[in-house]
Amino acid sequence: MSRQAPADAEVTALVHAAAAAPSMHNAQPWLFRYFRHSRTFDLHADFERRMPHSDPGARALHLGCGAAPLNLRVAAAHDGWSPETQLVPDPTDRTLLARVRLTGAAGDESGLGALYPAIRRRHSSRFPFEESEIPQRVREALSAATRVEGAVLSFPASWHLREVLELVQEAEARNITAPGSDQDLARWTRTDAPSANTADDGVPLYAFGPRKPSARRRRVRAPARS
């Protein structure tokens, strides 16, 4: 079913929803370009917002740039559009990571539109995990949602879980001692009152959560997650 092209206000709202995606230190390392005639959004990586010390291989940058088009698809489905997505549409352009085209009104068979309220509810949590098991029905629902996106979700246990925890601890130790990692954090931490309340990117100081008791003198905070 054909429908009129989205108005400017709707295009802006779709990009705002996409920009609410998680990214390392909330750097939002992406740029959007909209082509009105084809109702297409191109998402480019913004390497000026890459973490040169904490993310030298740009892996985290690409993860963030993968989350942003998902948010865009969710918002588009919520608005009644059928989003058609193409990853790395031009291999000769390393910054062009995704293209999302609004193909017209359609039913939301994928169920993406139902996720729309979660876009604004999602936030980073730096508080310790609870010692509780994830219910089996929740695991099954998460695994099913992952398969729809062409991926596999696994829940490590036994020796695998211990290995993952050891890797996390090692990574945290390296992050504390790695030269330059504090520079990345300082660049994207909003410590002054004006920017903490008005900046769209970066992380306000209050969001960094509790610190480990043994590390208070060194100003080391507990590992963060989104």
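This is a predicted model: local features need pLDDT of at least 70, side-chain atom pairs count only at pLDDT 80 or more; totals for chains, interfaces and linings use all residues.

Biologist: How many cavities of 30 Å³ or more does a search of the whole structure find?

Modeller: The search finds one such cavity. The space in the largest cavity amounts to about 50 Å³.

Biologist: Which residues line the largest cavity?

Modeller: Its lining consists of Ser23, Met24, Ala27, Pro29, Arg49, Arg50, Met51, Asp55, Ala60 and Leu61. Sorted by class, six of these are nonpolar, one is polar and three are charged.

Biologist: Turning to pockets, what volume does the second largest pocket have?

Modeller: The volume of the second largest pocket is about 190 Å³. Among the residues lining this pocket are His62, Cys65, Arg73, Thr85, Leu97 and Glu149.

Biologist: Which element gives the most to that lining?

Modeller: Helix H2 does, with six residues. Helix H2 (59-78), strand E3 (81-87) and strand E4 (96-105) each contribute at least two residues to the lining.

Biologist: And how many residues of each class are in the lining of the second largest pocket?

Modeller: The lining has six nonpolar, three polar and two charged residues.

Biologist: A change of topic: where is Leu205 found?

Modeller: Leu205 lies in the segment after strand E6 (203-204). Leu205 is 14 residues from Thr191 in sequence, and their C-alpha atoms are 5.6 Å apart in space.

Biologist: Why is Leu205 classed as partly exposed?

Modeller: Leu205 has a relative accessible area of 42%, and partly exposed covers values between the 20% limit for buried and the 50% limit for exposed, so Leu205 falls in that class.

Methods
Residues are numbered from 1 along each chain as its sequence is written. Side-chain values use heavy atoms; hydrogens and water are left out. On a 1 Å grid over the protein atoms alone, a cavity is a set of points where a 1.4 Å probe fits but cannot get out, and a pocket is an open set with protein on both sides within 12 Å along at least five of seven lines; lining residues have an atom within 4 Å of a point. Grid points are joined across faces, edges and corners, and a volume is the space filled by probe spheres set on the points. Ala, Val, Leu, Ile, Met, Phe, Trp, Tyr, Cys and Pro count as nonpolar, Asp, Glu, Lys and Arg as charged, and the others, Gly among them, as polar. Helices (H or I, at least four residues) and strands (E, at least two) are DSSP runs, numbered from the N terminus. Buried means under 20% relative accessible area, exposed over 50%, partly exposed in between (1.4 Å probe, protein chains only).
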